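Hi,

Here is the model I said I'd pass along.

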Amino acid sequence: MRARLLLSAMFGALLASAAMTAANAAARWDGADDLPTNPLACGAGGAAAPVAAKPYNGGRAINPPDKAGKEITIVDVPKLIGIGYFNATTKGQQEAAKELGNVKVTTDGPTEAKIDEQIKFIDNYITRGVDGILFAANDPVAIAPVLKKALSKGIHVVGYDADAEPDAREWFVNQTEFNGFAKAMIDSMHKEIGDDGAFAIVTSTFTTPNQARWIAEMQAYAEKCYPKMKWLETVEAQEDNNLSFNQATTLINKYGDKLKGIFGMTSVATPAAAEAVTKAGLCGKVAVVGGATPNAMKPYVHSGCVKSFVLWNPIDLGYAAVYVMRAVVDGKLKPGDTSVDAGRLGKLNVINGSQILLGPAFVFTKDNVDKFDF
Amino acid sequence: MTAAAITTAASARGAAFRRLIGQEALLAVAIIVLAIVVGFINPRFLATRNLSDILLGNAYIAIAAVGMSMVIISGNIDISVGALIGVLATVSGSLAVAGVPVIVAWLAALVIGVAVMAAQGAVIAYLRIPSIVVTLGMLSILKGGLISVTGGRWITDLPQNFHLADLSVFGAPMPVIIMVLATVLAALWMRHSPRGRAIYATGGNPEAARLCGVNPRRTVLMVFALHGFFAGLASLVYATQLRVIQSNTPQGLELTIITAAVVGGVSILGGVGTVVGSTLAAILIAEITSALVFINVSPYWTDALRGALILATVIADILRRQRRAAQGWKR
Amino acid sequence: MSVSVETRVFRAPPWLKRHETVLAIILIIALVGLGLMNDRFLTLDNLLDQGRFITETGLIALPMTFIIITGGIDLSVGAIVGLCAIILGHSWKTFGFPLPLAIAFALFVGALAGFVNGFVITRVKVPPLIMTIATLALYRGLAEGVSQAHSVRGYPEWFYFLGQGSVFGVPAQLLLLIVLIVIAGVVLDRTTFGRTLYAIGANETAARFSALPVDRVKLIVYTLSGLASGLAAWVLVSRVTTTRMDMGTGYELDVIAAVVLGGASIFGGSGTIWGTVIGLAMIQLLKNGLALTGVKGDATIVVIGVALILSVLVASSLERRQD
């Protein structure tokens with residue numbers, strides 16, 4: 001009977017896949033892009049390693065019109081619009097624009113995190129003729145050609161949150177270094193689950209550049225400093241709340257007592273993982289650590305389910321990006337400079353040649369989470 | 001003559017139903033066999049907690065698939081349902097946060113769901129624009145509209161009693177109750193009530209249906225309105241499960257729902273299929289997703305395997321029907 | 001027998017021309033309107049640029065028109081684009097093929113994927129919607145599995161010509177598209193193959209009884225659809241200089257929107273390449289024009305959705321009045 005055919009096919013597929021898993025044993029934690037990792041020193045206060053000054057490696061706008069001191073119109077094209085994180089960066093940008101008084105900034109972008117759509121948006125704004133473009137890239141390489149086109153037309157290009165290839169933009173405002181974020185995450189988890197706790201990771205997709213780099217750095221740092229902590233597996237959950245919840249629940253059910261902690265790598269995955277732990281009645285027994293926005297995490301922090309989560313202030317990030325753009329247009333930030341003035345944030349340092357560092361990762365806890373609203 | 005036609009039609013439908021019991025049985029068997037096989041590899045899969053989590057976490061897909069099955073059986077399709085569920089969840093949540101009594105917030109989701117879908121149904125039935133065009137357009141309108149209005153701001157601070165999905169009746173969780181009730185009631189209605197059977201007639205052969213006294217246009221309108229109701233129910237379960245509502249369009253949801261309906265034996269040619277099949281299929285797909293994690297399939301291959309299994313199920317279904325049809329011919 | 005088939009089909013063209021004319025008029029009105037609101041829109045530079053962006057969906061829309069004329073559909077095209085992009089990159093980088101061979105292999109895989117669709121649709125008789133929904137998941141999953149989530153970058157300079165280069169000012173991929181549009185139009189209008197497509201869409205059983213090679217023709221169109229997706233993948237990778245496994249996501253809806261907008265009936269039996277081209281142009285130029293005028297992303301897709309429904313409404317009600 002054909003049903004038997006179907007069933008044997010299914011069975012066969014399952015066996016084949018079980019066999020495929022043996023090959024998975026070598027286990028990278030995810031699909032990163034084989035870039036070198038640079039784990040920080042172990043232990044508390046293992047501050048950022050002294051960074052050797054690198055030569056400027058950004059691109060240059062070609063013959064930009066001189067608008068020093070004059071009003072400029074810039075556009076912000078984030079990965080996608082319609083999520084809280086980029087609402088916050090927009091808020092910061094608007095704040096900076098108001099303070100500066102001579103900057104007009106609009107946020108526009110695709111409704112899904114697709115690089116192809118983002119390229120079209122940027123291209124349209126090049127045609128419209130803006131003075132500057134802020135971006136958070138869905139893919140660092142794919143976005144390069146259109147950004148270079150912008151530079152060749154004399155449009156200034158500054159990135160934030162997710163970088164492009166260095167020569168496709170002039171500067172990149174880095175919210176926090178990948179290895180710093182990774183250290184904060186692993187340290188927070190280690191604090192809760194101890195030296196030989198086992199944990200799993202819920203991420204969006206393996207090809208989201210930032211997530212992939214963080215996980216790679218987390219692996220390097222954990223292997224260096226807490227070699228007995230055990231990584232169980234990493235699962236994908238797109239950017240969907242319910243899917244992340246289901247995946248986290250599956251992990252909890254699969255590993256039972258063995259699972260001591262869950263990392264959420266996106267602002268969607270972390271609250272969903274916290275919810276899964278709450279629903280399973282395992283608050284306090286399974287730690288949840290991740291990157292997340294405060295509003296989504298407040299219920300779990302207040303209930304004690306989540307002790308800490310890591311992020312930076314995206315409002316500050318957007319704010320800094322606009323100040324950097326203004327400085328570039330005014331000629332106050334030039335290749336070779338080592339710091340830039342960013343309004344209420346003070347002086348921000350230049351690292352890695354053409355990156356401007358916002359600061360260390362910020363750890364939210366019960367004591368400070370209520371102060372924020374994003 | 002009409003009575004004879006209806007009787008023949010009825011017995012033909014009876015035969016069709018008998019054929020279809022095959023697909024439901026096939027799915028039920030697949031669900032059980034899969035559970036046993038995976039349980040053998042990793043016994044934790046069979047824990048009550050896990051099995052119920054699979055059901056709870058995916059009930060909303062099965063509920064939406066009930067409405068979708070009706071749409072497909074009537075010979076149409078709807079690709080806007082995912083966006084609509086996102087919108088309804090946001091509306092319901094926003095109302096609750098604004099202080100509106102939760103019953104009203106829940107009802108709002110149902111009412112708006114029916115209204116939006118009925119509007120589409122009217123355009124499809126009376127203005128005779130193909131359903132794929134109308135729902136494709138509506139998908140864009142809903143998606144863009146949702147972002148324009150909410151700006152993607154997540155809805156937090158939901159009142160405690162909003163969480164419908166947390167309630168339970170006699171120990172059975174609400175999502176499962178809604179799923180079972182929706183499936184059973186819809187199945188019975190479609191099988192035994194003239195209006196329900198009219199859906200099959202409309203999808204199978206609208207002209208013949210009209211000759212039998214069925215109004216295809218009104219049937220399509222009714223089908224879409226019902227679909228909106230089930231989408232509303234699904235959105236309630238979807239929205240009330242977690243403490244935050246994402247207020248965006250759940251990605252790929254319509255495809256999952258359509259896949260559940262299709263794997264459940266609903267034929268896109270219209271006129272064939274049952275909602276019991278689509279519910280079982282939704283459960284099976286959810287089970288496969290979980291199973292692939294339990295048996296340690298390399299995460300890079302999970303999607304491919306799920307796709308392969310869906311394909312195998314679909315092919316097996318078609319082959320099975322052809323065998324039955326061939327047997328029918330011989331008689 | 002063949003005479004009666006031809007007569008049946010020849011009665012169709014005047015009706016077809018009606019829909020495309022209406023659409024072309026709507027398009028021109030929209031263009032003029034947007035051009036008036038914005039002085040950068042109707043420049044040669046901008047239009048050629050948009051031509052670049054239109055190519056990937058355009059390439060796929062050609063065989064999709066054929067498929068929809070036969071009453072079928074192919075939802076797996078986007079996934080095939082992703083799969084071919086991955087195969088292109090990985091067979092070059094990971095398996096070590098020379099790049100031209102990798103490109104050819106990617107096209108072959110695309111055609112093969114389409115062939116599998118067509119084979120199961122014609123031999124096992126799984127309805128196209130169902131089959132291609134299943135292969136949509138399968139092919140996308142294969143892309144992820146083969147790539148192990150790595151992307152491939154660093155292609156040699158000559159590779160980027162197709163996606164980024166120009167010939168006498170016209171984008172290279174646009175030239176490719178134009179050539180294929182002409183070929184597809186001729187095939188559909190002037191060959192037996194084209195007439196068979198219409199016959200299958202109008203009444204498949206009658207077509208079979210007319211001794212038309214229905215199964216072979218269907219197999220060919222689905223294979224072509226896969227091949228076109230592979231071609232689109234090549235253009236895309238060349239344009240964005242990298243490969244990602246999520247490339248092509250959502251293409252199927254864009255393509256189907258263009259074809260349906262262009263007048264093809266989803267039930268089969270009607271549609272033209274010319275209509276599809278107008279549909280494509282309309283959607284892309286609307287998006288572009290609105291963006292240049294200052295309408296933001298979320299509002300733009302609402303307008304596109306409304307425009308889609310309204311255009312089809314207007315075109316088909318005018319059509320019906322002529323009947």
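Chain B has 331 residues, and its radius of gyration of 20 Å agrees with the value near 20 Å that a compact globule of that length would have. The radius is taken over C-alpha atoms, and the globule rule is 2.2 Å times the number of residues to the power 0.38. Along the principal axes, the C-alpha atoms of chain B fill a box of roughly 60 × 50 × 40 Å.

Before the rest, some housekeeping. This is a predicted model, where local features need pLDDT of at least 70 and side-chain atom pairs count only at pLDDT 80 or more, while totals for chains, interfaces and linings use all residues. Residues are numbered from 1 along each chain as its sequence is written, and chains are lettered from A and ligands numbered from 1 in the order in which they are written.

More on chain B. Its secondary structure comes to 12 helices and 2 strands, in the order α-α-α-α-α-β-β-α-α-α-α-α-α-α along the sequence. Those elements are DSSP runs numbered from the N terminus, helices being H or I with at least four residues and strands E with at least two. Buried residues make up 62% of chain B; buried here is 20 or more other C-beta atoms within 10 Å of the residue's own, exposed is 12 or fewer, and partly exposed lies in between, with C-beta atoms placed from the backbone. Of the chain B contacts between residues at least 6 apart in sequence, 78% join residues at least 24 apart, a contact being two C-beta atoms, placed from the backbone, within 7 Å.

Confidence next. The predictor gives the complex an ipTM of 0.86 and a pTM of 0.88. Per residue we have pLDDT, the predictor's confidence from 0 to 100:

- Chain A has a mean of 86, with 89% of its residues at 70 or more. Its lowest element is α1(A), at a mean of 55, and its highest is strand β3 (residues 132-135), at 96. Over residues 22-26 of chain A, pLDDT stays under 50, and the model has 2 contacts beyond four places in sequence for them.
- Chain B also has a mean, 86, with 91% of its residues reaching 70 or more.
- Chain C averages 88, and 93% of its residues score at least 70. Residues 1-12 of chain C stay under 50, with 10 contacts beyond four places in sequence.

Where pLDDT is low, the predicted coordinates should not be read in detail.

Now the interfaces. Between chains A and B, the contact takes 43 residues from chain A and 48 residues from chain B. On the chain A side, the elements giving two or more residues are α1 (2-23), α2 (84-100), β7 (230-236), α7 (241-255), α8 (269-279) and α9 (294-302). The largest share, 15 residues, comes from α1(A), the element where chain A has its lowest confidence. By class that side has 20 nonpolar, 17 polar and 6 charged residues. Ala, Val, Leu, Ile, Met, Phe, Trp, Tyr, Cys and Pro count as nonpolar, Asp, Glu, Lys and Arg as charged, and the others, Gly among them, as polar.

The contact between chains C and A takes 24 residues from chain C and 23 residues from chain A. On the chain C side, α3 (44-69), α13 (273-293) and α14 (297-322) give two or more residues each. That side divides into 7 nonpolar, 10 polar and 7 charged residues.

A few local spots. S147(C) is in helix α6 (residues 128-147) of chain C and counts as buried because it has 25 C-beta neighbours inside 10 Å. Beyond its neighbours within four places in sequence, S147(C) contacts I86(C), H90(C) and M245(C).

Most residues other than glycine have a negative phi. F170(B) is in the loop between β1 (168-169) and β2 (172-173) of chain B and is exposed, with 5 C-beta neighbours inside 10 Å. K125(C) is in the loop between α5 (99-124) and α6 of chain C and is partly exposed, with 14 other C-beta atoms within 10 Å.

Cheers
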